[in-house]
Amino acid sequence: MSDDDESTLGLIETEVALLMRFGEATRRATGTAEHRVLDRAAYVILRHLDAAGPQNVSALAARLNLDGSTVTRQVSALQRDGLIARAPDPTDGRGTVISPTTAGLQRMAAVQAARTRLYGDMLSDWTSEDRETLARLLGRLNQALVNRNRPR
């Protein structure tokens, strides 16, 4: 690896660390209540269930690269709050699948809309091409992280 490559990778590492820190600080500091109607874990679970459909906890844990017991606790909290529902697994009568409720989807949509507005404001002086490039590169980075963390 060349010195230039190593320097660039060091910059990427720093920028990703700052992105995570500033993103969380921005979420906490944003004055609108919509950002706070769901915690980060609940939002990610509901977004995934909305996109992928009902799933069992094992599939959800695998997709989110989390331990099953962690997802079970998060799902229990979501169920207690009426944001997800459990139903018998049609492929395995012993298990259950979870899906978002109407209330869960409404809260998720409120957070998504608030975040979209926030990013729209922050990136208003970026060109459409720059925003599209950022979206594409973030998608590639996330996929690389998924691929890296997949059990081998």
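This briefing walks through one protein chain, from its overall build to a few single residues. The model is predicted. The chain holds 6 helices and 2 strands. Read from the N terminus, its elements run α-α-α-α-β-β-α-α.

**The whole chain**

- The C-alpha trace spans about 55 × 40 × 25 Å along its principal axes.
- The chain has 152 residues, and buried residues make up 22% of them.
- Its accessible surface comes to about 10,500 Å². Carbon and sulfur atoms account for 55% of that surface.
- Take the contacts with a separation of 6 or more: 45% of them join residues 24 or more positions apart.

**Helix H2**

- Helix H2 covers residues 40-52, which makes 13 residues.
- From its first C-alpha to its last, H2 reaches 18 Å. That is close to the 18 Å expected at 1.5 Å a residue.
- Asp39 caps the N-terminal end of H2. One of its side-chain oxygens lies 3.1 Å from the backbone nitrogen of Ala41.
- Just after H2 comes Gly53, with a positive phi of about 90°.

**The buried side of H2**

- Which residues of H2 are buried? They are Ala42, Tyr43, Ile45, Leu46, His48 and Leu49.
- An α-helix has 3.6 residues a turn, so residues three or four places apart point the same way.

**Gln55, in a loop**

- Gln55 sits in the loop between H2 and H3.
- Is Gln55 buried or exposed? Its relative accessibility is 14%, so Gln55 counts as buried. The cut-off for buried is under 20%.
- The side chain of Gln55 makes a polar contact with the side chain of His48, at 3.1 Å. His48 is one of the buried residues of H2.
- Setting aside residues up to four places away in sequence, Gln55 touches His48, Leu49, Leu60, Thr96, Val97 and Ile98.

**Arg86, in a strand**

- Arg86 belongs to strand E1.
- Its relative accessibility is 33%, so Arg86 counts as partly exposed. Partly exposed lies between the buried limit of 20% and the exposed limit of 50%.
- Which side chain makes a polar contact with the side chain of Arg86? It is that of Gln79, at 2.7 Å.
- Leaving aside neighbours within four places in sequence, Arg86 is in contact with Val75, Ser76, Gln79, Thr96, Val97 and Ile98.
- Thr96, Val97 and Ile98 are also among the residues that Gln55 touches.
- Arg86 and Leu105 are 19 residues apart along the chain. Their C-alpha atoms are separated by 15 Å.

- Leu19, Leu138, Leu141 and Leu145 make a nonpolar surface patch of about 320 Å².
- Which helix gives the most to the nonpolar patch? Helix H6 (residues 128-149) does, with 3 residues.
- Leu138 lies in helix H6. Its relative accessibility is 34%, so Leu138 counts as partly exposed.

Terms used:
Residues are numbered from 1 along each chain as its sequence is written. This is a predicted model: local features need pLDDT of at least 70, side-chain atom pairs count only at pLDDT 80 or more; totals for chains, interfaces and linings use all residues. Side-chain values use heavy atoms; hydrogens and water are left out. Helices (H or I, at least four residues) and strands (E, at least two) are DSSP runs, numbered from the N terminus. The expected span of a helix is 1.5 Å times one less than its number of residues. Buried means under 20% relative accessible area, exposed over 50%, partly exposed in between (1.4 Å probe, protein chains only). A polar contact is a pair of N or O atoms within 3.5 Å; within protein, one must be able to donate a hydrogen and the other to accept it, and residues adjacent in sequence count only if both atoms are side-chain atoms. Patches are made of residues with over 30% relative accessible area and no salt bridge: like charges are joined within 9 Å, nonpolar side chains (Val, Leu, Ile, Met, Phe, Trp, Tyr) within 5 Å. Accessible areas come from the Shrake-Rupley method with a 1.4 Å probe; for residues, only the protein chains shown count as cover. A salt bridge is a side-chain nitrogen of Lys or Arg within 4 Å of a carboxyl oxygen of Asp or Glu. Contact means heavy atoms within 4.5 Å.
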